[in-house]
Amino acid sequence: MKIKTAIVDDNSFLITAIKEKLSFFDIIEIKFTAINGGELLEKLQDNHNIDIILMDIEMPVLNGIEATELVKQKYPHIKIIMLTVFDNDENIFNAIKAGADGYLLKEVNPKDLSDGMIETLNGGAAMNPSIALKTLKLLRNPLQIQNQKDKEDITLTVRETEVLEQLSKGLSYNAIADNLIVSTGTVRKHIENIYKKLQVHNKIEAVQKAKRNNLI
C-alpha cells in the first residue's frame, strides 16, 4: 500500500528537493504539492484521501501552523510533519499545539525522512534529535514556572543565594562560614532570613523549594 503524500512549501526549489528525496522509495506516492496553506486547503477539498502532509512553516497567505490547525479540524485522519529550516522553540511549541504529528529539519536525509513518515503513520512522532531535546525542555519549563506566585515573591540577596548553594551541598555552618570568610553567627543569620523568605522550617525544605523556584 502506498503512502499518499502532499508537500506544501512556497519554495519550488525545496519542493523539488523533497520530491527527489522521496523518489527513492516506491512506497511513497506524491499526490499533489501546494505553495501555501490556502492552496493546500483548496486542493484537499478535491482530494482529502491523503495519508500525510509535509508542511513548511514560513509561508504567505496561510502559514504552516495555521494550516495545520485547520487541516486537523477538518481532516483529523491526515498526519502532518512540519519540515522546516529552523528549530526555534516558539515554532516547535506552536506547531505541536496546532496538532503537528512530527517535526523534521529540511536537511533531513532521504532515509530518515521516509522512516519518519512511516513511524508517524504508525502512531509515532518523527522528530530530529535537536528538536526532540527542545520539545522536552519546553515541556519541562512550565513545571518550573508552575508556582509563579511563589517565584515572584521570593528574592534572595546574592549572599543568601551563596549560603543556600553551600547548604545544598551538605556543608556545615562552620564550613560555609570558612568558605565565605564570615562568622558562623552571620551564616546562621543568613539561614534564618532564607527560611523566613522561603517560608520553610529546615534545610531540606529550603533546598527543595529554592530549586523548584530556580533560585539555585
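Helices here are DSSP runs of at least four residues, numbered from the N terminus. The model is a predicted one. I181 is a residue other than glycine. Its place is in the loop between α9 (173-180) and α10 (184-198). I181 counts as exposed, because its relative accessibility is 74% and the cut-off for exposed is over 50%.

Helix α9 itself has a buried side. Its buried residues are I176, A177 and L180. Seen down the helix axis, these residues fall within an arc of 100 degrees, so they line one face of α9. An α-helix has 3.6 residues a turn, so residues three or four places apart point the same way. The buried residues of α9 pack against α8 (158-168) and α10.

Q199 sits in the loop between α10 and α11 (203-212). Q199 is exposed, with a relative accessible area of 65%.

The sheet comes next. Five strands form an open sheet in the order β2-β1-β3-β4-β5, and the pairing is parallel. β2 and β5 (102-105) stand at the edges with a single partner strand each, so one side of each has no neighbour in the sheet. On average, neighbouring strands of this sheet are turned by 25 degrees against each other, direction ignored. Strands of a sheet pair through backbone hydrogen bonds, either parallel or antiparallel.

Individual pairs can be followed along the sheet. Strand β1 (residues 3-8) pairs with β2 in the parallel sense, over six bridges. Within this pair of strands, I7 stands opposite T33 in β2. Helix α5 (residues 110-121) packs on the sheet and touches β1, β2, β3, β4 and β5. The direction of α5 makes about 150 degrees with that of β4. Helix α1 lies across β1, β2, β3 (52-55) and β4 (79-84). α1 runs at about 175 degrees to β2.

L83 has L104 in β5 as its bridge partner. Both faces of β5 are covered. G102 and L104 are buried on one side, and Y103 and L105 are buried on the other.

Helix α4 (residues 89-98) also has a buried side. N91, I92, A95 and A98 are buried in this helix. These residues cover an arc of only 135 degrees around the axis, which puts them on the same side of α4. The face turned away from that buried side carries the exposed residues E90 and K97. Just after α4, G99 takes a positive phi of about 115 degrees.

The largest nonpolar core has 28 residues. Those with the most contacts inside this core are L40, L44, I53, M55, V71 and M82. Not counting residues up to four places away in sequence, I53 touches A6, V8, L40, L44, V71, I78, K79, I80 and I81. Another core, of 16 residues, lies apart from the largest one. Among its residues are I154, L180, L198 and V200. L180 is also one of the buried residues of α9.

I27 lies in the loop between α1 (12-22) and β2 (28-34). I27 is partly exposed, with a relative accessible area of 37%. Leaving aside its neighbours within four places in sequence, I27 is in contact with M1, K2 and I3. The C-alpha atoms of I27 and L164 are separated by 59 Å, and the two residues are 137 residues apart along the chain.

One aromatic pair is counted. F24 and F25 form this pair, which is edge-to-face. The ring centres of F24 and F25 are 6.4 Å apart, and the angle between the planes is 70 degrees. The pair counts as edge-to-face because its planes are over 60 degrees apart. F24 is exposed, with a relative accessible area of 62%.

Note on methods. Residues are numbered from 1 along each chain as its sequence is written. This is a predicted model: local features need pLDDT of at least 70, side-chain atom pairs count only at pLDDT 80 or more; totals for chains, interfaces and linings use all residues. Side-chain values use heavy atoms; hydrogens and water are left out. Rings of Phe, Tyr and Trp (its six-membered ring) pair if their centres lie within 6.5 Å; planes under 30 degrees apart count as stacked, over 60 as edge-to-face and the rest as tilted. Buried means under 20% relative accessible area, exposed over 50%, partly exposed in between (1.4 Å probe, protein chains only). Helices (H or I, at least four residues) and strands (E, at least two) are DSSP runs, numbered from the N terminus. Contact means heavy atoms within 4.5 Å. A nonpolar core is a set of buried Ala, Val, Leu, Ile, Met, Phe, Trp, Tyr and Cys residues joined through side-chain atoms within 4.5 Å. The arc is that of the directions from the helix axis to the C-beta atoms. Two strands pair if DSSP finds at least two bridges between them. Axes are lines fitted to C-alpha atoms, for helices over the stretch in contact, and angles run from 0 to 180 degrees between N-to-C directions.
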